[in-house]
Amino acid sequence: MSERTRVAIACQGGGSHTAFTAGVLKRLLREWDDDYRLVGISGTSGGAFNALAAWYGLVTADERRAIELLDALWADLAADTALDRLLNDWTVWLSRVERTGVPIPRVSPYLAPGARMGQERIRRVLERHIDFEAVPDLCERTAPELVVGTVDINAGVFETFTNEDVTPEAVLASSALPTLFPAVEIDDHYHWDGLFSQNPPVDDLLTVDAGRKPEELWVIQINPQERAGEPTSVEEIADRRNELAGNLSLNQELRVVERVNDWIEEGHLPESDFQRTEIRRIEMDRTYTAATKVDRTPGFIDELMALGERRAAEFVGADGA
């Protein structure tokens, strides 16, 4: 092809399950086809960690550096000490009990000292690998668009932070699950996990100047789109509700993209002013319970990353993407 195909990647959130996304990105970057140009990457919650690490590695060095950052980030996030593993096992157990419908006492994250400690640990991990003060200068015209999704709980609206506005607070806000962490204050408003908003942000990747509008949108999807059979047990119902809720905003945004594509093909919108965007999904294609979204066991993280690499290899091999 005479010009490279413009691609944007959207990374759905889903807690520890987004280690799968890290594996996908690593394989895509390792085998990146020069016929494609990355023009944007977005993420929510754990997906935002991956999007940021990949973006930062690319704009400061190259694909190899991006892969190293993804590995280092998840190595630091994994529960690798005895105390951390104990806390991890307790959190997973509580999550599993909740799925059964058995009422258990809940403690506000504002009263649990471990909540703020966990949030500060995430901040330290992020700042260990990302020089946030350098981010504004790295957002050159040629750099891919970087987008992180949150929800403004005071205004009741979705809010995204792009490029130079991606700060440690923005990334922490994107992962501030309200049952686990306090809200994060940004510009006098409090923000929660982006899972309650755009999961992941898509519109910001498309509403850019013509030279950066993606011709293809690759969605790394954590929550299964389809599931066979009827959920009947309390646990199965809880899991499917979690998956459907996680996909709600994504499917709404993708339907808008598909509608614009249809209008372009039908001649209702001029191709000179509107860009058709092909949507392609990279899904986990394996079922895990919602409880494991809080499981940071190193072995589980490695399993998810390996699965991501395999699914990305299939994606790349499908048509040489």
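1. Leucine 111 sits in the loop that runs between helix 4 (82-99) and helix 5 (113-129). The model under review is a predicted one. In this model leucine 111 is exposed, because its relative accessible area is 67%, and a residue counts as exposed when that value is over 50%.

2. Leucine 111 also belongs to a group on the surface. Together with Val107, Tyr110, Ile153, Tyr190 and Trp192, Leu111 forms a nonpolar patch. The accessible area of these residues together is about 590 Å².

3. Histidine 191 belongs to strand 6 (residues 189-192). Is histidine 191 buried or exposed? Histidine 191 counts as buried, because its relative accessibility is 1%, and the cut-off for buried is under 20%. Between histidine 191 and alanine 176 there are 7.7 Å in space, C-alpha to C-alpha, and the two are 15 residues apart in sequence.

4. Salt bridges deserve a separate point. The count for the model comes to 21 salt bridges. One of them joins aspartate 71 to lysine 26, with 2.7 Å between the closest N and O atoms. This pair links distant parts of the chain, since aspartate 71 is in helix 3 (residues 63-77) and lysine 26 is in helix 1 (residues 19-30), 45 residues apart.

5. The two partners in that bridge may be considered in turn. Aspartate 71 is partly exposed, with a relative accessible area of 33%. Lysine 26 counts as buried, because its relative accessibility is 8%.

6. Another salt bridge is formed by the side chains of glutamate 31 and arginine 27, at 2.5 Å from N to O. Glutamate 31 counts as partly exposed, with a relative accessibility of 34%. Arginine 27 likewise counts as partly exposed, at 23% relative accessibility.

7. Which residue forms a salt bridge with aspartate 84? The partner is arginine 296, and the closest N and O atoms of the pair are 2.7 Å apart. Here too, distant parts of the chain are linked: aspartate 84 is in helix 4, whereas arginine 296 is in the loop between strand 8 (278-283) and helix 10 (298-319), 212 residues apart. Aspartate 84 counts as buried, because its relative accessibility is 9%.

8. Some salt bridges share partners, and in this way Lys26, Arg27, Arg30, Glu31, Asp71 and Glu309 are joined into one network.

9. A search of the whole structure finds two cavities of 30 Å³ or more. The largest cavity holds about 80 Å³ of space. It is lined by 14 residues, and those closest to its centre are His17, Pro224, Glu243, Tyr288 and Lys293. By class, the lining of the largest cavity consists of five nonpolar, five polar and four charged residues.

10. The last point concerns glutamate 133, which lies in the loop between helix 5 and helix 6 (135-138). Glutamate 133 counts as exposed, because its relative accessibility is 75%. How far apart in space are glutamate 133 and glutamine 225, C-alpha to C-alpha? The distance is 38 Å, and the two are 92 residues apart in sequence.

Terms used:
Residues are numbered from 1 along each chain as its sequence is written. This is a predicted model: local features need pLDDT of at least 70, side-chain atom pairs count only at pLDDT 80 or more; totals for chains, interfaces and linings use all residues. Side-chain values use heavy atoms; hydrogens and water are left out. Patches are made of residues with over 30% relative accessible area and no salt bridge: like charges are joined within 9 Å, nonpolar side chains (Val, Leu, Ile, Met, Phe, Trp, Tyr) within 5 Å. Accessible areas come from the Shrake-Rupley method with a 1.4 Å probe; for residues, only the protein chains shown count as cover. A salt bridge is a side-chain nitrogen of Lys or Arg within 4 Å of a carboxyl oxygen of Asp or Glu. Helices (H or I, at least four residues) and strands (E, at least two) are DSSP runs, numbered from the N terminus. Buried means under 20% relative accessible area, exposed over 50%, partly exposed in between (1.4 Å probe, protein chains only). On a 1 Å grid over the protein atoms alone, a cavity is a set of points where a 1.4 Å probe fits but cannot get out, and a pocket is an open set with protein on both sides within 12 Å along at least five of seven lines; lining residues have an atom within 4 Å of a point. Grid points are joined across faces, edges and corners, and a volume is the space filled by probe spheres set on the points. Ala, Val, Leu, Ile, Met, Phe, Trp, Tyr, Cys and Pro count as nonpolar, Asp, Glu, Lys and Arg as charged, and the others, Gly among them, as polar.
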